Amino acid sequence: MKLELSERNLRPELVSQANITRLKILNEGGNEQTPFGEKFTLRVLANDSQKTKFKLQLNVTNKNYLITALGNETADWIGKEVGITLKLMDNGKQGMVLTP
């Protein structure tokens, strides 16, 4: 069995610091238990200089975007690329928004 280093959760500050603008989806995702409840999580490869793998926990908006853009079968998302940008949210915090 091949083991890999554990991936960190992708956070807005990491997107900003590493100048990440694109993500490649590596798996079909699934629900993971978090301190905030169950979240749908994907493994992604960022376009930063290190080509870092991250876990991306999807909120409803980003999940709906992926369904609209890529279809409702998550196995079809594998290998697809999406953009990522930061947006100031209503609560005053930076949020990650997936884009074409």
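This tour goes from the nonpolar core to an aromatic pair and then to a pocket.

The model is predicted: local features need pLDDT of at least 70, side-chain atom pairs count only at pLDDT 80 or more, and totals for chains, interfaces and linings use all residues. Residues are numbered from 1 along each chain as its sequence is written, and side-chain values use heavy atoms, with hydrogens and water left out.

**Stop 1: the core.** Select Leu10 and Leu23. These two have the most contacts inside the largest nonpolar core, which has 19 residues. Such a core is a set of buried Ala, Val, Leu, Ile, Met, Phe, Trp, Tyr and Cys residues joined through side-chain atoms within 4.5 Å. Buried means under 20% relative accessible area (1.4 Å probe, protein chains only). Now colour β4 (37–46). With 4 residues, β4 gives the most to this core. Strands are DSSP runs of E, at least two residues; helices are runs of H or I, at least four; both are numbered from the N terminus.

**Stop 2: the ring pair.** Select Phe40 and Trp77. Their ring centres lie 6.5 Å apart and their planes meet at 80°, so the pair is edge-to-face. Rings of Phe, Tyr and Trp (its six-membered ring) pair if their centres lie within 6.5 Å, and planes over 60 degrees apart count as edge-to-face. Phe40 is buried at 15% relative accessibility, and Trp77 is buried at 1%.

**Stop 3: the lining.** Show Arg11, Pro12, Gln57, Asn59 and Met96. Of the 20 residues that line the largest pocket, these are the closest to its centre. On a 1 Å grid over the protein atoms alone, a pocket is an open set of points where a 1.4 Å probe fits, with protein on both sides within 12 Å along at least five of seven lines; lining residues have an atom within 4 Å of a point.

Notes: Buried < 20%, exposed > 50% of the residue type's maximum accessible area, 1.4 Å probe, protein only. Phe/Tyr/Trp six-rings, centres within 6.5 Å; stacked < 30°, edge-to-face > 60°.
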